[in-house]
Amino acid sequence: MQRSNLNKYLGVIGGGQLGKMIGLAAANLGIKSCFYDPDPDAPAKNISTLFFNEKYDNKIKLLEFANKCDFITYEFENIPMDCLKAVRKKKKIYPGIKALQISQDRHLEKSFITNLGIKVVKYENIKNFYDIENFLKKNTKKGILKTRKLGYDGKGQVRIELSNLQKINFHIKPNNYIIEELVRFKKEISVIAIREKNGRIKTFEPSENYHKHGILRKTIFPASISKNCASKAKKIAEKIIDSLDIVGILAIEMFVLKDEDIIVNEIAPRPHNSGHWTIDGCNLSQFDVLVRTIYNMPIPKIIYKRKCKMINLLGENFNEYKKYLSKKNHRVYIYGKTKIKKERKMGHVNIID
Ligand code: ADP
Ligand code: MG
């Protein structure tokens, strides 16, 4: 009997909804997952046989975790670098550490993308309060102040203008913030790019995203943009993923301007909320593709089965899922979080055509 030398687990750092969906995709390919998350109620626990409920700075446990796994992946960007470095000594980490390092810091991310010859919003690294004032005076009356690190779902951001600078009632630590021009975009879109171990690159078609308070509410596939704009978006995504030594997937968030010019907002080397439509819209989901690339399995042509609209079920509208359950074209996904909170992502529903 043939025995594979890869018969352990796919290690997943972070056991939230993304980790859980990675684990489900892995299970469909006969691959077990082992999760590492300090939260004892992490959603992935519901589907795992091996779960390390430990802190991210516990190097001994991290190494124990790595020893159990064939490869390591992660579901969020803000993993402490020390933690990754400990794990990296034992096992390969995908989609990749370089991409992760860049996406952890908005300043680094924007300068990296700019250096590729791709447009980003007008922005500046902030050293003190006067940098903010000067940026607004020089460029735009309205801007967004963002923490360089650890922001997500609109957290760590404040919209400001010259007339309300008093909103900044906190200490500005030098090199901890950037300021961006507030972009009047026509649409927000995202592209999920794929890079295999052999370097071959593919992308999913762009989807269209709607945010409120910085949190994704709805994604529509396909995005209602011209063919030319979609092809421009995919080319940008290909160029970025190719420059980052990635094996796996990279989500690229973009703003489409009035003239269909595109600027990149941010990147995430992991599955992305705006890619959940792929579960019901395509032959392979973003999660299937991630697991396949990690295990060097074939990625056939992406087939689009249907149009799809994804709606996030946040704490405040979570109960709506009960009415969606009885609709024949609504596919409901509940993450299994124990505490319901306003604006917390509790599940999503894919409405198919
Ligand atoms: P996060 O890491 O929280 O997703 P983003 O930078 O993507 O941070 O911001 C969240 C959302 O806020 C964006 O998807 C977009 O809707 C809005 N936003 C962010 N930056 C800008 C900007 N410079 N101009 C206009 N809207 C913005
Ligand atoms: Mg974002």
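Trainee: What handedness does the crossing of α1 and α9 have?
Mentor: α1 passes α9 in a right-handed crossing, meaning the near helix is turned clockwise from the far one by less than a right angle. This is a predicted model, where local features need pLDDT of at least 70, side-chain atom pairs count only at pLDDT 80 or more, and totals for chains, interfaces and linings use all residues. Residues are numbered from 1 along each chain as its sequence is written, chains are lettered from A and ligands numbered from 1 in the order in which they are written, and side-chain values use heavy atoms, with hydrogens and water left out.

Trainee: At what angle do the axes of α1 and α9 cross?
Mentor: Roughly 65°, with the axes of α1 (residues 17-28) and α9 (residues 286-294) coming within 8 Å. That makes α1 roughly perpendicular to α9 (65 to 115 degrees).

Trainee: Which residues of α1 and α9 meet?
Mentor: L18, M21, I22, A25 and A26 in α1 meet F287, D288, L290 and V291 in α9, contact being heavy atoms within 4.5 Å. By class, eight are nonpolar, none polar and one charged.

Trainee: New topic: how many residues surround ligand 1?
Mentor: 21, and the closest are K146, G154, V183, E188 and N265; the cut-off is a heavy atom within 4 Å.

Trainee: Which atom of V183 is 2.8 Å from a nitrogen atom of ligand 1?
Mentor: A polar backbone atom. A backbone N or O atom of E181 lies 2.9 Å from a nitrogen atom of the ligand. R106 uses a polar side-chain atom, 3.0 Å from an oxygen atom of ligand 1.

Key. A polar contact is a pair of N or O atoms within 3.5 Å; within protein, one must be able to donate a hydrogen and the other to accept it, and residues adjacent in sequence count only if both atoms are side-chain atoms. Axes are lines fitted to C-alpha atoms, for helices over the stretch in contact, and angles run from 0 to 180 degrees between N-to-C directions. Helices (H or I, at least four residues) and strands (E, at least two) are DSSP runs, numbered from the N terminus. Angles under 35 degrees count as roughly parallel, over 145 as roughly antiparallel, 65 to 115 as roughly perpendicular and the rest as oblique. Ala, Val, Leu, Ile, Met, Phe, Trp, Tyr, Cys and Pro count as nonpolar, Asp, Glu, Lys and Arg as charged, and the others, Gly among them, as polar.
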